[in-house]
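Subject: The structure we talked about

Hi,

Here is the structure I promised to send over. Have a look at it first, and then read on for what I found in it.

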Amino acid sequence: PLADVVRRTAGTGPRHDDDLKAIRGIGPKLERLLKDLGITSFGQIARLEPDDLAVVADALGSFPGRIERDDWVGSATRLHAETYGTPL
């Protein structure tokens, strides 16, 4: 379930409230929805596993395959490294 995805991807470090709109394909509406779901950081999106993508897409009510097509995970991984100076 979504709560498990949110909890696992949060990791153990400090919680961040990143500008998710910096990720290709995420605009103001999707950012608001993600944050309402508890996904607030580049790190959380970067940690999404293949099985998580369908769970998140379903919760967002977005088009199937959008997360993969826009490569949210790859973009979030790069943005996390650029923003915090550490890879995941």
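The chain has six helices and zero strands, so the order from the N terminus is simply α-α-α-α-α-α; helices here are DSSP runs of H or I with at least four residues, strands are runs of E with at least two, and numbering starts at the N terminus.

Two notes on the source. This is a predicted model, in which local features need pLDDT of at least 70 and side-chain atom pairs count only at pLDDT 80 or more, while totals for chains, interfaces and linings use all residues. Residues are numbered from 1 along each chain as its sequence is written, and side-chain values use heavy atoms, leaving out hydrogens and water.

**Overall shape**

The radius of gyration is 12 Å, which agrees with the value near 12 Å for a compact globule of 88 residues; it is taken over C-alpha atoms, and the globule rule is 2.2 Å times the number of residues to the power 0.38. Along the principal axes, the C-alpha atoms fill a box of roughly 30 × 25 × 20 Å. Of the 88 residues, 41% count as buried (under 20% relative accessible area; exposed is over 50% and partly exposed in between, with a 1.4 Å probe and protein chains only).

**Helix α6**

Helix α6 covers residues 72–84. Its 13 residues reach 18 Å from first C-alpha to last, close to the 18 Å expected at 1.5 Å a residue (the expected span is 1.5 Å times one less than the number of residues). Which residues of α6 are buried? They are W72, G74, S75, A76, L79 and H80. Their cover includes α2 (28–37), α3 (42–46), α4 (50–60) and α5 (66–69). After α6 comes G85, with a positive phi near 70°.

D52 is found in helix α4 and counts as buried because its relative accessibility is 7%. Leaving aside residues up to four places away in sequence, D52 touches V5, R8, T9 and R47.

A59 is also placed in helix α4, but counts as partly exposed at 37% relative accessibility.

Best wishes

Key: Contact = heavy atoms within 4.5 Å.
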